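Q: Could you walk me through how the parts of this one pack against each other?

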Amino acid sequence: MKRKKLFSLFLLVLLTITLTACGGEPAAEDGDTAEPEIKDLILSTTTSTQDSGLLDELIPIFEEETGYLVKTIAVGTGKALEMASLGEADVLLVHAPDAEKEVEAAGDVINRQLVMHNDFVLVGPAEDPQGLRGLTTAQEAFTALFENETGFVTRGDDSGTDKMEKGIWADLGLEPEGAWYIDAGSGMADTLKIASEKGAYTLTDRGTYLALKDTLDLDILFEGDEILLNIYHVMQVNPEKFANINAEGGQAFVKFMVAKETQDIIGEFGVDRFGSPLFFPDAK
Amino acid sequence: MDFIVKGFFQALQLLLRGDKEVYSIAFLTLKVSGLATLISLLLGVPLGLYLAVSRFRGREFFLGGVNAGMGLPPTVVGLWVALFFWRRGPLGFLGLMYTPTAMVIAQTVIATPLVAGLTLSAVQQLSPKLRLQILALGASPLQFWWLIIKEVRLGILAAVMAGFGRVIAEVGASMAVGGNVRWYSRVLTTSIVLEVNRGNFSLALALSFVLLFITYSVTYLLTVLQQRRRQT
């Protein structure tokens, strides 16, 4: 009889799991605000805003204020823009202005607004074998890195950072390829780790680098050129072009991101941990 | 070296303190993977039994499908399920993209061939004479299947363990169709990926211990069940 009991117990456990899983709605706290018509809001964004922890700070405030459930899908900027072009997202927070303008011109996104910036920096081994320190322009720095001995790790994932890096090579008329040019096909964190392990150089956004600095053997070797600015815009997916877009939610999120209170939080974010902000608010 | 040790102790601290988010992630993981395993059991066992006993044209084709399906890459399943559930996809109107339900569906797709395949091979290990004997003794179809299931129960439990182990460990499909949304569709594997990306190795380590603990506990319970039944 014992085994029968045990078997019943097993079935009971499975049943419990089934029943509890069926009530799949998250236990969201009810705000005083009226429930929005469509609750789900898909935010397609870049990994840097999620990995830095900025969205974990902002999203709960937005959800509390408006009653939306934000589904943050953190992917490379290329994929985020692609999701917009397919109508698979409601709102975007990305950082590749040129690519964004194309998508905007195609009518896939509307209401595109400047949110914040930080910058890209070149990092590499402290010994700096290519002598980036003291160079003044990004062009000089990238020229020095072309076909270097210690290697350069590229994201290779069509992200905003990847687009920035490829754009600079292209402007210089250089075609990086060969054993020194390591294609990581990964997010920023993994790419930094690979560069650190291999003693190679890479281009990174400052925020992700600062967040991971303690785990890396990489120093900032070049910074400060204006073309290395990393600019973030927020935008809505065009509800007139695609079906099922949460237009009101998208509009509310754009409004939220450029609101003064939010901008203040962005400007303060990271100061306690890194001594300097990770992003600089830009919305007027 | 010391950062591993440090991480280990931070992990323990985190667990003992009873972090609310860690518990909610662990609970969702158990729910999603447990439910997926249960459904794959309901689908996979009958499929395996049927394929083992029946004879029809093109049976090898299905057997090959089940056996190949045992190794379905979760990323591929995630991509396919996502294609169906996208707003423009054939099932987009259900609004299931980026929900725990979509994760259960994807994990069920991953586990079902495994459960079916292992059930199938367990049945095939039975002597063919047994089947004839059961039938010769005048068993009704229902009695026939029940006896077969009783004979292969060890194999079925092994299939459940393998299926559960596979889905609780997968990350690709959960990431693709669940989206790793905080407080909503974030499970242990996807949060480990996120925390590694954030450089929070101690938190990632803590989550990995939780994952191993859950996997071990569930498998242990099933093993006890399996071994007890064997003794009688």
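The chat below covers a domain contact and then a helix pair.

A: This is a predicted model, where local features need pLDDT of at least 70, side-chain atom pairs count only at pLDDT 80 or more, and totals for chains, interfaces and linings use all residues. Residues are numbered from 1 along each chain as its sequence is written, while chains are lettered from A and ligands numbered from 1 in the order in which they are written.

Q: Which domains does the assignment give for chain A?
A: Domain 1 of chain A spans 37-118 + 231-264 and domain 2 covers 119-228, with bounds from an automatic or database domain assignment.

Q: And how many residues of each make the contact?
A: Domain 1 of chain A gives 13 residues and domain 2 of chain A gives 14, a contact being two C-beta atoms, placed from the backbone, within 7 Å.

Q: What's the make-up of the domain 1 side in chain A?
A: Three residues there are nonpolar, nine polar and one charged (Ala, Val, Leu, Ile, Met, Phe, Trp, Tyr, Cys and Pro count as nonpolar, Asp, Glu, Lys and Arg as charged, the others, Gly among them, as polar).

Q: Switching to chain B, at what angle do α2 and α8 pack?
A: Helix α2 (residues 20-53) and helix α8 (residues 153-169) of chain B pack at about 140°, their axes 9 Å apart; helices are DSSP runs of H or I, at least four residues, numbered from the N terminus, and axes are lines fitted to C-alpha atoms over the stretch in contact, with angles from 0 to 180 degrees between N-to-C directions.

Q: Which residue classes meet there?
A: The contact of α2(B) with α8(B) has nine nonpolar, six polar and no charged residues, including L41(B) of α2(B) and F164(B) of α8(B).

Conventions: Helix = DSSP H or I, 4+ residues; strand = E, 2+ residues; numbered from the N terminus.
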